[in-house]
Amino acid sequence: MPNDAAARKAAIRFAGAVMHDEPDVLWDGRDYRVEVTNETGALLFTIVMLSIDAPASNRA
């Protein structure tokens, strides 16, 4: 990517595409992370997605 702003936009679009195309990744009890690194492998930022069931959703 040409700069950090472009990398952030690409990561957000990627995360959105995953949620759209494979929503079950958010319902397996774990968080889903998109980690973005630079060309040397240093972590620049992380997008964390997770789902939490509300108590009302557990009613029988």
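## A salt bridge to start with

The side chains of D31 and R33 meet in a salt bridge, 3.1 Å from N to O. The term stands for a side-chain nitrogen of Lys or Arg within 4 Å of a carboxyl oxygen of Asp or Glu. Side chains of opposite charge can pair when their charged atoms come close. The structure holds one salt bridge.

How exposed are the two partners? D31 is partly exposed at 34% relative accessible area, and R33 is partly exposed at 46%. Here buried means under 20% relative accessible area, exposed over 50%, and partly exposed in between, with a 1.4 Å probe and protein chains only.

## About the model

This is a predicted model, in which local features need pLDDT of at least 70, side-chain atom pairs count only at pLDDT 80 or more, and totals for chains, interfaces and linings use all residues. Residues are numbered from 1 along each chain as its sequence is written, and side-chain values use heavy atoms, leaving out hydrogens and water.

Let's turn to helix α1, which covers residues 4-21. With 18 residues, α1 reaches 25 Å from its first C-alpha to its last, close to the 26 Å expected at 1.5 Å a residue; the expected span is 1.5 Å times one less than the number of residues. Helices (H or I, at least four residues) and strands (E, at least two) are DSSP runs, numbered from the N terminus.

The buried residues of α1 are A7, A11, A15 and V18. They cover an arc of only 70° around the axis, so they sit on the same side of α1; the arc is that of the directions from the helix axis to the C-beta atoms. On the face turned away from this buried side, α1 carries the exposed residues K9, I12, R13, H20 and D21.

## The hairpin

Strands β1 (residues 32-37) and β2 (residues 43-49) pair in the antiparallel sense over six bridges; pairing requires at least two bridges found by DSSP. Across the pair, E35 stands opposite T46 in β2. The two strands form a hairpin with five residues between them, and G41 in the turn has a positive phi of about 95°.

L44 lies in strand β2 and counts as partly exposed, at 36% relative accessibility.

L50 belongs to the segment after β2 and is exposed, with a relative accessible area of 55%.
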